Amino acid sequence: MSTAFAQDQSQRHETRSCATSLVCERCERSYPMSEPVFSCPDCGRNLDIEFDYELAAVRLQQLPVAERPMNIWRFEELLPIMDAAAQARVGQHSGFTPLIKADRLGQALGLRNLYLKDDSTSRPSLSYKDRVVSMSVARLLELGKREIGCVSTGNVGTAVAALAAKAGVPAYVFYPNRLEHTKALACRALGAKVCQVDGNYDEANKQCRAVALASGLEFANITLRPFYAEGAKTMPFEIVEQLGWNAPDHIITAAAGGTLSSRIHKGLVELERVGLVSTSDVRLHIAQPDGCAPIASAILAQDADIHACRPTTIAHSLAIGAPGDGHLVIDAVRGRGGTAGRASDEEIFAGVDLLAATEGVLTEPAGGTTIAVLRKLAEAQAFDPDEVVVAIITGNGLKTIEDHPAKPWPSMVSCDAETMRSMLDELQQESAAGASLG
Ligand SMILES: Cc1ncc(COP(=O)(O)O)c(C=O)c1O
Ligand SMILES: [Zn+2]
């Protein structure tokens, strides 16, 4: 047991968490929650967190939903943080992003009950990563540690920079090459120390693991990974509640490392286990770019194994060629009777544009990938028109606007009403031509 954790335990207030142990996903050896382990010391595989679901069912009954905070800690019984003081310092304004009825996009796709779970508005850093990184930072504080690192395809970095700043701990972000400028600049503006590594994400990730072990620095998505992953369960908890405690028929999301999609499955299973709502009929679908689709390709080829790839895609946040949770995603998608789809860079930007034009939501290529695959599945009649379909928009387009195929820079005209009026005529004609094409 870490000394800091042991010392804290005598004084600390406990949350309502019903987490019981860290369990190896292969050999099933279990470790106490206080143990600072992140992969199985015996066989090296990832650790998952187990809960006492009978206790969780009782505790969930004890506190009415209306009295719970509107943030990621709303159902803390099913989250892994024990120390209330650590929990109180992070994520208090994260989660509870809107679930939007997408009537205009739905009309374009022939879906009458399409919803967007819009994490492009996530606080504080405009992507779903605020959920998972909040859990890592809370665990860091629970362990009594004072610095945090991460390796990032883009969004983890900005989430770590923002959430660490709020918690008052220095942050170190390792980015692979081909990084997105706005995300790296945002990290620096938020006070994080940023290092760009001359390798792709998978290479940087491998080396960061060695750096973590050698330096003792906790990494949000390496050494704190079992806790990080649990944060993604807040997504299905919120979706089901926002649908009035009804499970949707379909959920579709982009996948990279596979944390979000595999934990959507885990969260849905848990909602059923604690007796809140039946979720076994929810079909789960994942979307990946053509240039990096190791999980989608395995699902489509009905292959049991993932073949790692070298990513080449404009969707940089999805550029993970060796997905750590890929095997869990394959099981989740197959087990739920879902499917997978791939989209080219062109289709991804068409997805970004379609979402923007119909719903006024500007997403990054990851969200464009989800919309592109949603569109393909709708065209292939994978959905009944009346079924409830939830598409998760995981990131914001303002962070990647530099990669968006350039629309011409607006022309400058002189500042007088007559010239501006004739410019307006031109723009209106452009609009009308666009509408008749679309
Ligand atoms: C915007 C966005 N969407 C989706 C994902 C994929 O999430 P995961 O790695 O959990 O599969 C990521 C990160 O990797 C991301 O940044
Ligand atoms: Zn093991």
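The structure is a predicted model.

**Around the ligand**

Twenty residues form the shell: of the 20 residues around ligand 1, the nearest are Gly 257, Thr 259, Ser 317, Thr 394 and Gly 395. Helix α11 spans residues 259-273 and gives the most to this shell, with three residues. By class, the shell around ligand 1 holds 11 polar, seven nonpolar and two charged residues.

**The sheets**

Three strands make up one of them, in the order β2-β1-β3, with antiparallel pairing. Its edge strands are β2 (30-32) and β3 (47-51), and each pairs on one side only. From one strand to the next, the twist averages 35°.

The other open sheet has six strands in the order β4-β5-β13-β10-β11-β12. Its pairing is mixed. Here β4 and β12 (340-343) are the edge strands, each pairing on one side only. The twist averages 25° from one strand to the next.

| Strand pair | Sense | Bridges | Bridge partners |
|---|---|---|---|
| β1 (residues 19-24) and β2 | antiparallel | three | Val 23 and Ser 30 |
| β7 (residues 171-175) and β8 (residues 193-196) | parallel | four | Val 173 and Val 194 |
| β11 (residues 283-289) and β12 | parallel | four | Gln 288 and Arg 342 |

Consider the β7 and β8 pair. These strands run in the parallel sense over four bridges. The chain leaves β7, passes through helix α7 (residues 181-189) and reaches β8. This β-α-β crossover is right-handed.

Now take β11 and β12. Four bridges join these parallel strands. Helix α13, made of residues 326-335, lies across β11 and β12. The angle of α13 to β11 is about 135°.

**A helix pair**

Two packed helices are described by the angle between their axes and the distance between the axes. How do α14 and α15 pack? Helix α14 (residues 345-359) meets helix α15 (residues 365-379) at an angle of about 90°. Their axes are 7 Å apart. Angles of 65 to 115 degrees count as roughly perpendicular, so α14 is roughly perpendicular to α15.

Which residues make the contact between α14 and α15? On the α14 side they are Glu 347, Ile 348, Phe 349, Ala 350, Gly 351, Val 352, Leu 354 and Leu 355. On the α15 side they are Pro 365, Gly 367, Gly 368, Thr 369, Ile 371, Ala 372 and Arg 375. By class, the contact has nine nonpolar, four polar and two charged residues.

**Two backbone sites**

One is a cis peptide bond, running from Arg 123 to Pro 124, with omega near -5°. Pro 124 lies in the loop between β5 (113-118) and α5 (129-142).

The other site is Phe 96. Phe 96 is not a glycine, yet its phi is positive, at about 50°. Where does Phe 96 lie? Phe 96 sits in the loop between α3 (84-88) and β4 (99-101). Strand β4 is also an edge strand of the six-strand sheet.

Definitions and conventions. Residues are numbered from 1 along each chain as its sequence is written. Chains are lettered from A and ligands numbered from 1 in the order in which they are written. This is a predicted model: local features need pLDDT of at least 70, side-chain atom pairs count only at pLDDT 80 or more; totals for chains, interfaces and linings use all residues. A residue is near a molecule or strand if its C-beta atom, placed from the backbone, lies within 6 Å of it. Helices (H or I, at least four residues) and strands (E, at least two) are DSSP runs, numbered from the N terminus. Ala, Val, Leu, Ile, Met, Phe, Trp, Tyr, Cys and Pro count as nonpolar, Asp, Glu, Lys and Arg as charged, and the others, Gly among them, as polar. Two strands pair if DSSP finds at least two bridges between them. A crossover is right-handed if, with the strands pointing away from the viewer, the path from the first strand over the helix to the second runs clockwise. Axes are lines fitted to C-alpha atoms, for helices over the stretch in contact, and angles run from 0 to 180 degrees between N-to-C directions. Angles under 35 degrees count as roughly parallel, over 145 as roughly antiparallel, 65 to 115 as roughly perpendicular and the rest as oblique. Two residues are in contact if their C-beta atoms, placed from the backbone, lie within 7 Å.
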